[in-house]
Amino acid sequence: MEAVAFWVLAVAAVGAGVTVFVVDSMARATFALLASFLCVGGELLLIDLHYLGVLVVLMMIMEMLVMAVFMVMYMMNPGGLMPMTMLHNKRGALGISGAAFAALAAGILTVPWPERAGRAPRDPTVALGEAIMGPKMLAMMVIGVAILATMIASVVLAAHRGRYDSRGDGDGAR
(Lines give C-alpha, C1' and ligand atoms only; values in the text may rest on other atoms or scores of the structure.)
Protein backbone atom coordinates (compact mmCIF):
# COMPACT_ATOMS: atom_id res chain seq x y z
CA MET A 1 0.00 0.00 0.00
CA GLU A 2 2.86 2.38 0.80
CA ALA A 3 4.39 1.77 -2.63
CA VAL A 4 1.11 2.71 -4.31
CA ALA A 5 0.84 5.88 -2.21
CA PHE A 6 4.46 6.71 -3.01
CA TRP A 7 3.92 6.46 -6.77
CA VAL A 8 0.60 8.32 -6.65
CA LEU A 9 2.23 11.19 -4.74
CA ALA A 10 5.23 11.15 -7.08
CA VAL A 11 3.06 11.41 -10.19
CA ALA A 12 0.89 14.08 -8.54
CA ALA A 13 3.98 16.10 -7.55
CA VAL A 14 5.34 16.03 -11.10
CA GLY A 15 1.89 16.77 -12.57
CA ALA A 16 1.40 19.76 -10.27
CA GLY A 17 4.93 20.95 -11.11
CA VAL A 18 4.11 20.84 -14.82
CA THR A 19 0.85 22.68 -14.13
CA VAL A 20 2.86 25.62 -12.77
CA PHE A 21 4.04 26.29 -16.32
CA VAL A 22 0.71 25.66 -18.01
CA VAL A 23 -1.79 27.89 -16.18
CA ASP A 24 -2.47 31.48 -17.22
CA SER A 25 -2.34 32.97 -13.73
CA MET A 26 0.44 33.59 -11.24
CA ALA A 27 -1.97 32.85 -8.38
CA ARG A 28 -2.93 29.51 -9.95
CA ALA A 29 0.74 28.75 -10.56
CA THR A 30 1.41 29.44 -6.88
CA PHE A 31 -1.25 26.99 -5.76
CA ALA A 32 -0.04 24.38 -8.26
CA LEU A 33 3.44 24.75 -6.79
CA LEU A 34 1.93 24.38 -3.32
CA ALA A 35 0.23 21.14 -4.39
CA SER A 36 3.56 19.85 -5.71
CA PHE A 37 5.33 20.67 -2.44
CA LEU A 38 2.55 19.06 -0.41
CA CYS A 39 3.00 15.86 -2.41
CA VAL A 40 6.74 15.98 -1.71
CA GLY A 41 5.98 16.47 1.99
CA GLY A 42 3.75 13.41 1.81
CA GLU A 43 6.62 11.49 0.22
CA LEU A 44 8.88 12.44 3.11
CA LEU A 45 6.26 11.28 5.59
CA LEU A 46 5.99 7.97 3.75
CA ILE A 47 9.70 7.27 4.09
CA ASP A 48 9.55 7.94 7.86
CA LEU A 49 11.15 11.39 7.77
CA HIS A 50 8.34 12.80 9.87
CA TYR A 51 10.10 15.97 11.02
CA LEU A 52 11.20 16.98 7.53
CA GLY A 53 7.81 16.04 6.04
CA VAL A 54 5.86 18.17 8.50
CA LEU A 55 8.42 20.96 8.14
CA VAL A 56 8.05 20.99 4.35
CA VAL A 57 4.26 20.94 4.57
CA LEU A 58 4.02 23.74 7.15
CA MET A 59 6.67 25.94 5.56
CA MET A 60 5.33 25.57 2.04
CA ILE A 61 1.73 26.27 3.05
CA MET A 62 2.72 29.54 4.69
CA GLU A 63 5.21 30.50 2.01
CA MET A 64 2.86 29.85 -0.90
CA LEU A 65 -0.09 31.60 0.77
CA VAL A 66 2.04 34.69 1.34
CA MET A 67 3.26 34.45 -2.24
CA ALA A 68 -0.32 34.18 -3.53
CA VAL A 69 -1.31 37.30 -1.60
CA PHE A 70 1.59 39.24 -3.09
CA MET A 71 0.80 37.90 -6.56
CA VAL A 72 -2.78 39.13 -6.31
CA MET A 73 -1.64 42.50 -4.93
CA TYR A 74 1.18 43.29 -7.34
CA MET A 75 0.85 41.29 -10.55
CA MET A 76 -0.81 42.80 -13.59
CA ASN A 77 -2.74 39.60 -14.32
CA PRO A 78 -3.30 37.76 -11.04
CA GLY A 79 -6.53 36.01 -12.03
CA GLY A 80 -5.44 34.87 -15.48
CA LEU A 81 -7.96 37.00 -17.36
CA MET A 82 -5.39 37.91 -20.00
CA PRO A 83 -3.32 35.21 -21.72
CA MET A 84 0.22 34.88 -20.39
CA THR A 85 2.96 32.29 -20.36
CA MET A 86 5.46 31.22 -17.73
CA LEU A 87 7.89 29.96 -20.38
CA HIS A 88 10.71 32.13 -21.68
CA ASN A 89 13.49 30.99 -24.03
CA LYS A 90 11.79 27.66 -24.57
CA ARG A 91 14.52 26.03 -26.64
CA GLY A 92 17.33 27.08 -24.30
CA ALA A 93 15.41 26.02 -21.20
CA LEU A 94 14.54 22.67 -22.78
CA GLY A 95 18.17 22.04 -23.72
CA ILE A 96 19.50 22.99 -20.29
CA SER A 97 16.87 20.96 -18.43
CA GLY A 98 17.42 17.95 -20.69
CA ALA A 99 21.19 18.09 -20.15
CA ALA A 100 20.73 18.47 -16.39
CA PHE A 101 18.34 15.51 -16.32
CA ALA A 102 20.74 13.36 -18.35
CA ALA A 103 23.68 14.27 -16.09
CA LEU A 104 21.71 13.53 -12.92
CA ALA A 105 20.36 10.24 -14.30
CA ALA A 106 23.85 9.23 -15.37
CA GLY A 107 25.11 10.05 -11.89
CA ILE A 108 22.41 7.93 -10.29
CA LEU A 109 23.25 4.97 -12.50
CA THR A 110 27.05 5.21 -12.45
CA VAL A 111 27.91 6.24 -8.88
CA PRO A 112 28.63 3.32 -6.56
CA TRP A 113 26.13 3.73 -3.74
CA PRO A 114 27.45 2.96 -0.24
CA GLU A 115 26.03 0.17 1.86
CA ARG A 116 24.36 1.03 5.14
CA ALA A 117 26.77 0.83 8.05
CA GLY A 118 24.96 -0.14 11.23
CA ARG A 119 21.27 0.21 11.99
CA ALA A 120 18.92 3.10 11.44
CA PRO A 121 18.79 5.51 14.39
CA ARG A 122 16.05 4.97 16.95
CA ASP A 123 14.84 8.57 16.56
CA PRO A 124 15.72 10.06 13.13
CA THR A 125 14.73 13.56 14.25
CA VAL A 126 17.24 13.58 17.10
CA ALA A 127 19.90 12.09 14.82
CA LEU A 128 19.25 14.79 12.20
CA GLY A 129 19.43 17.55 14.82
CA GLU A 130 22.69 16.22 16.19
CA ALA A 131 24.14 15.82 12.70
CA ILE A 132 23.27 19.40 11.75
CA MET A 133 23.88 21.22 15.03
CA GLY A 134 26.07 18.88 17.06
CA PRO A 135 26.28 19.92 20.69
CA LYS A 136 24.70 23.33 19.93
CA MET A 137 21.18 21.89 19.45
CA LEU A 138 19.83 22.99 22.85
CA ALA A 139 21.21 26.50 22.38
CA MET A 140 19.59 26.76 18.95
CA MET A 141 16.23 25.61 20.34
CA VAL A 142 16.39 28.32 23.01
CA ILE A 143 17.43 30.91 20.44
CA GLY A 144 14.48 29.89 18.23
CA VAL A 145 12.04 30.49 21.07
CA ALA A 146 13.76 33.80 21.89
CA ILE A 147 13.46 34.92 18.26
CA LEU A 148 9.76 34.01 18.22
CA ALA A 149 9.19 35.95 21.46
CA THR A 150 11.07 38.92 20.00
CA MET A 151 8.91 38.89 16.86
CA ILE A 152 5.69 38.77 18.90
CA ALA A 153 6.90 41.52 21.24
CA SER A 154 7.93 43.78 18.36
CA VAL A 155 4.52 43.43 16.72
CA VAL A 156 2.76 44.17 20.01
CA LEU A 157 4.95 47.20 20.69
CA ALA A 158 4.65 48.49 17.12
CA ALA A 159 0.85 48.40 17.17
CA HIS A 160 -0.48 51.95 17.42
CA ARG A 161 -3.65 50.96 19.24
CA GLY A 162 -4.16 48.40 21.94
CA ARG A 163 -6.29 45.30 21.77
CA TYR A 164 -9.46 46.96 23.04
CA ASP A 165 -9.02 50.31 21.28
CA SER A 166 -10.91 49.41 18.13
CA ARG A 167 -12.16 52.93 17.41
CA GLY A 168 -8.77 54.56 17.81
CA ASP A 169 -9.93 57.16 20.35
CA GLY A 170 -7.73 55.85 23.15
CA ASP A 171 -10.46 55.16 25.72
CA GLY A 172 -10.25 51.36 25.38
CA ALA A 173 -14.00 50.97 24.81
CA ARG A 174 -15.21 48.24 22.53
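Me: What is the mean pLDDT of the chain?
Reply: This is a predicted model, in which local features need pLDDT of at least 70, side-chain atom pairs count only at pLDDT 80 or more, and totals for chains, interfaces and linings use all residues. Residues are numbered from 1 along each chain as its sequence is written, and side-chain values use heavy atoms, with hydrogens and water left out. The pLDDT is the predictor's confidence in each residue, from 0 to 100. In this chain 84% of residues reach 70 or more, and the mean is 83.

Me: Which element of the chain has the highest mean pLDDT?
Reply: Helices are DSSP runs (H or I, at least four residues), numbered from the N terminus. Helix 5 (residues 124–133) has the lowest mean pLDDT, 81. The highest, 94, belongs to helix 1 (residues 2–20).

Me: Is helix 1 roughly parallel or roughly antiparallel to helix 2?
Reply: The axes, lines fitted to C-alpha atoms over the stretch in contact, are compared by angles from 0 to 180 degrees between N-to-C directions. Those of helix 1 and helix 2 (residues 26–46) come within 8 Å and cross at roughly 160°. Angles under 35 degrees count as roughly parallel and those over 145 as roughly antiparallel. Helix 1 is therefore, relative to helix 2, roughly antiparallel.

Me: Is Ser36 buried or exposed?
Reply: Ser36 lies in helix 2. Leaving aside residues up to four places away in sequence, Ser36 touches Ala13, Ala16 and Gly17, where contact means heavy atoms within 4.5 Å. Buried means under 20% relative accessible area, and exposed over 50% (1.4 Å probe, protein chains only). Ser36 has a relative accessible area of 12%, so this residue is buried.

Terms used:
Helix = DSSP H or I, 4+ residues; strand = E, 2+ residues; numbered from the N terminus. Parallel < 35°, antiparallel > 145°, perpendicular 65-115°, else oblique.
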